[in-house]
Amino acid sequence: MGPTDSPTHVVVFDIDDTLYLERDYVRSGFRAVGAWAHQELGLADLGEQASAAFEDGVRGSIFDVALANAGLEVTPELITQLVACYRQHVPDIKLLDDARACLNELGLSAEMVVAIVTDGPLASQSAKVRSLGLADWSQDVIFTETLGAGFGKPHPRAFELIEQRFGARGDQCVYVADNPAKDFVAPHQMGWMTIRVRRKQGLHFAADGGDDINHEAADLHDLMA
């Protein structure tokens with residue numbers, strides 16, 4: 001589809017806590033790390049230690065805390081191995097029911113196209129896209145990490161590429177995401193409609209929104225109303 005065959009609307013989704021619960025990915029990753037640690041290090045509960053640290057609010061040093069609590073020396077090499085295992089595992093995640101219903105309904109319209117713009121490590125985000133089967137619904141997936149350093153959200157580059165890809169204007173585009181700290185800055189400035197999905201189990205549920213959010217919804221059923 002190009003500028004001569006442009007859609008009426010382009011609906012673009014974030015992934016994490018928008019189409020599935022990110023907590024499910026985190027738990028899946030810790031299970032994978034736990035299995036690896038049991039086999040390679042003889043540790044029986046590293047996955048549980050990591051989950052406990054996450055639930056306690058630890059961020060950025062979860063594996064350091066988990067290893068220390070398990071009585072093992074924390075080394076850069078070991079942390080690198082655990083992070084790689086976490087990011088490269090095949091995640092046990094699934095689309096939320098409202099997300100699946102929304103994507104199915106959007107797919108029935110010839111005047112709309114669906115795309116994905118997502119931040120995060122490429123290995124992790126690619127695995128999520130595959131596990132969720134998003135290729136069945138989306139005509140384009142942009143992983144911001146592939147754009148180069150500095151082009152992740154809130155940089156507008158990914159959203160500019162969407163407009164170019166589908167020959168769409170800003171007022172024809174919608175971005176549906178969850179994180180008010182970075183998701184909505186660029187698309188709102190470009191004239192897109194911005195919709196925040198504020199799920200009670202989402203990691204950013206308690207974060208305040210700003211003026212760059214046009215609409216807030218508890219789930220994606222509102223998008224179909």
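User: Hi! Which side chain does Arg-199 meet in a salt bridge?
Analyst: Arg-199 meets Asp-98, at 2.8 Å from N to O. A salt bridge here is a side-chain nitrogen of Lys or Arg within 4 Å of a carboxyl oxygen of Asp or Glu. Keep in mind that this is a predicted model, where local features need pLDDT of at least 70, side-chain atom pairs count only at pLDDT 80 or more, and totals for chains, interfaces and linings use all residues. Residues are numbered from 1 along each chain as its sequence is written, and side-chain values use heavy atoms, with hydrogens and water left out.

User: Where do Arg-199 and Asp-98 sit in the chain?
Analyst: Arg-199 is in the loop between strand E5 (193–197) and strand E6 (215–217), while Asp-98 is in helix H5 (residues 97–107), 101 residues apart. Helices (H or I, at least four residues) and strands (E, at least two) are DSSP runs, numbered from the N terminus.

User: Is Arg-199 buried or exposed?
Analyst: Arg-199 counts as buried, at 8% relative accessibility. Buried means under 20% relative accessible area, exposed over 50%, and partly exposed in between (1.4 Å probe, protein chains only).

User: Switching topic, what does Lys-153 pair with?
Analyst: Lys-153 forms a salt bridge with Asp-14, 3.4 Å from N to O. Lys-153 lies in the loop between strand E3 (140–143) and helix H7 (157–166), and Asp-14 in the loop between strand E1 (9–13) and helix H1 (22–41), so this pair ties together parts 139 residues apart in sequence.

User: And which residue does Asp-16 bridge to?
Analyst: Lys-128, with the closest N and O atoms 2.8 Å apart.

User: How many salt bridges are there by this rule?
Analyst: The count comes to 13.
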